[in-house]
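Want to learn how to read a computed structure report? Let's go through it feature by feature, as a chat.

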Amino acid sequence: MPETTPTGLRRLAYGGDYNPEQWPESVWQEDVRLMREAGVTMVSVGIFSWARLEPEPGVHDFGWLDRLLDLLHEHGIRADLGTPTVAPPAWFYRAHPEALPVTREGTRYSFGSRGAICHSSPAYHAAAADITERLARRYGSHPALALWHVHNEYGVPVSACYCDTCADRFRRWLDARYGSVCAVNDAWGTAFWGQHYSAYDQIDPPRVTPTVGNPAQQLDYRRFADATMRENFVRERDILHRLAPGVPVTTNFMTALSQCDSVDYWAWGREVDLVTNDHYLITDGRRTHVNLAMAADLTRSVAGGAPWLLLEHSTSGVNWQPRNPAKRPGEMARNSLAHVARGSEGAMFFQWRQSRRGAEKFHSAMVPHAGTDSRVWREVVALGADLGALAGLRGTRTVADAAMVWDWHSWWAQNLEWRPSEDLDARERADSFYETLWDRHLTVDFAHPEADLSAHPLVVVPALYLTTEAAGRNLRSYVENGGTLVVSYFSGIVDEHDAVHPGACPGALRDVLGLTVEEWSPLGEGETVRLTERAGDRALTGDVWTEFVVPRGAGTVWTYADGPAAGRPAVTRHRLGKGTAWYVSTRLAPPALDAIIGAACEDAGIASRSELPRDVEVVRRTGEAGTYLFALNHTSADAKVPLDGAGTELLGGEAVTGHLAVPAGAVRVVRFA
């Protein structure tokens, strides 16, 4: 069986994408000297090197890669070796233009970027398998090899192709999934608008139509596109397992909801030996450190709670957003260590040396254009030393306080056309619920809706429009056995085929919530509603959405004071078995949502952590090596964090007890024996 950690790596992974083919070999010696100075332990190589490795069909040049891997090994630096299948060479597309993907509108993309691949192309399958096998045979036992890195960021920028080859493969995928055209008709509800099919060859991908196309067909096509990419990964992975046994295989995910919406990472997490992730700060006015924590928690959850690896982030600014600010002093280390706190076994960057040419020449790097006499380089060296001091925490696991249910299939379904309001936004609800939990200093696991939830006293469901019957039973069982559940509006509505569950909404969640919804009444742009507390004097304000809720066992906690549903329940609480289920029928911003989450925490027996300052992040990792407390101060003021006992602060080396001083913008890590 392959390892699940990089082979031969004895410390936390630290380094970045290394693209030496962009530089003369005279620079390589300087690179490895600087890597040693910075404490680099691993670099990613070869990810975009297909054209260099195979400059002409069947003509290969491995000499430069031989010399590079030998040089890295000589200097004690491990290699995350890529299969370069994200960027086939120009000669390949000249011979096989059909391997370029086609849009829904029928436009075929051109060569000249990256990731322009029809994942159904037989020619691509053969060529990708060939270059992968050659790399595995040549380097599978190389002493520098720590990890195989298949492809790069599947699903970005293209996940689905709509060509005729994909159409044929989609039909075969449907036959394997449903077994007959009759079953497809039933699942898709083709009786509506006369869309009935009598043979598979009548079914095409959901290309552009005069008005909205069949939503179940569109949902299945997203599943098909994701599964097709995953099959290509598995094909390469299996070659590597066969020819280089014992070396783990990964591909870099992009789990942040702000960065990729086309991949079902629950399914992908089961296929890799080690879950790795790329994360970049999205400068859209939100608190970027909260988005970072959410992505790290989601990645750890995709890994089943096991340690994972941050394979890419940036030392400073990126170059692909409308505005790309530099990171402030100390922010790079704080970002890196926040990922480590939440389970990463290191911090890797894109990239090692900043490119002089190409589309990402303004993307920051470990060695910037300014060279080593720069703030970024000095912070890179300092971070390497800090990560070296944390080597002992390898293998420990992050401790979570609560769970959040998330499902990519539900997100895909909710984002289809003709929903009751264009303001329905599953990602926004997930962000808001997560931010509310984060501000309560709760560490969050994410969970598939059909997963075992029993280890979590509190489970939050921010958006589960698509809820299978199995998921509904699972959530009910969780509450009956003593769990506390919080569910947001527009959840439980449809099944896996986007068909509305029989009976009143919220369909699969009626019983656990103890209520029905007679009708939705979305609010107009800018409209708000007031909520009043039945047994208190707290008032809340909602927007976007209201509902006509009918309690069927649930009690009313907040009532609509005005708006379309004035006088009716807005927030309910249902005692079921040994547990409690809350329902929130309007959109509340995090400050208002905190009132509901606070009450649910009381039900769940989760103690308040009000003594911790806002925007001071506290996370624990624990295992045989001990318990490690991370305190990250995202504010401009010094802070103090209470401690449960005596320990050693690892980045400074001093003994601490009672409380931990965390300077503004700084990170402190305490080890308790």
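Q: What should I know before I start?
A: This is a predicted model, where local features need pLDDT of at least 70 and side-chain atom pairs count only at pLDDT 80 or more, while totals for chains, interfaces and linings use all residues. Residues are numbered from 1 along each chain as its sequence is written, and side-chain values use heavy atoms, with hydrogens and water left out.

Q: How do I read a pocket, and what volume does the largest pocket have?
A: Take a 1 Å grid over the protein atoms alone: a pocket is an open set of points where a 1.4 Å probe fits, with protein on both sides within 12 Å along at least five of seven lines, and lining residues have an atom within 4 Å of a point. The volume is the space filled by probe spheres set on the points, which are joined across faces, edges and corners. Here the largest pocket comes to about 1100 Å³. It is lined by 40 residues, and F48, R114, F350, A359 and E360 are the closest to its centre. Two or more lining residues come from each of α2 (50-53) and α4 (90-95). Those labels are DSSP runs numbered from the N terminus: helices are H or I with at least four residues, strands are E with at least two.

Q: What counts as a salt bridge, and how many does the structure hold?
A: You need a side-chain nitrogen of Lys or Arg within 4 Å of a carboxyl oxygen of Asp or Glu. The structure has 46 of them. One of them joins R137 and E133, at 3.0 Å from N to O. These two sit 4 residues apart in helix α5 (residues 122-139), so about one helical turn separates them.

Q: Is R137 buried or exposed?
A: Under 20% relative accessible area is buried, over 50% is exposed, and in between is partly exposed (1.4 Å probe, protein chains only). R137 is exposed because its relative accessibility is 57%, whereas E133, at 26%, is partly exposed. D373 is exposed at 66%, and R378 is partly exposed at 48%.

Q: Which residue does R476 pair with?
A: R476 bridges to E480, with 2.7 Å between the closest N and O atoms. Both lie in helix α15 (residues 469-480), 4 residues apart, so the gap is about one helical turn. Salt bridges with shared partners also link R287, E435, D439, R614 and D615 into one network.

Q: What does L576 touch?
A: Contact means heavy atoms within 4.5 Å. Setting aside neighbours within four places in sequence, L576 contacts R476, V479, E480, D511 and V512. L576 belongs to strand β20 (residues 569-576) and is buried, at 12%.

Q: Where is A400?
A: A400 is in the loop between β10 (397-398) and β11 (402-405), partly exposed at 25%. Its C-alpha is 7.3 Å from that of L442, 42 residues away along the chain. Beyond four places in sequence, A400 touches R300, T443, V444 and D445.

Q: Which residues make the nonpolar surface patch?
A: Patch members have over 30% relative accessible area and no salt bridge; nonpolar side chains (Val, Leu, Ile, Met, Phe, Trp, Tyr) are joined within 5 Å, like charges within 9 Å. Areas come from the Shrake-Rupley method with a 1.4 Å probe, and for residues only the protein chains shown count as cover. F192, W193 and W418 make a patch of about 440 Å². W193 lies in the loop between α7 (181-188) and α8 (215-243), and is partly exposed at 47%.
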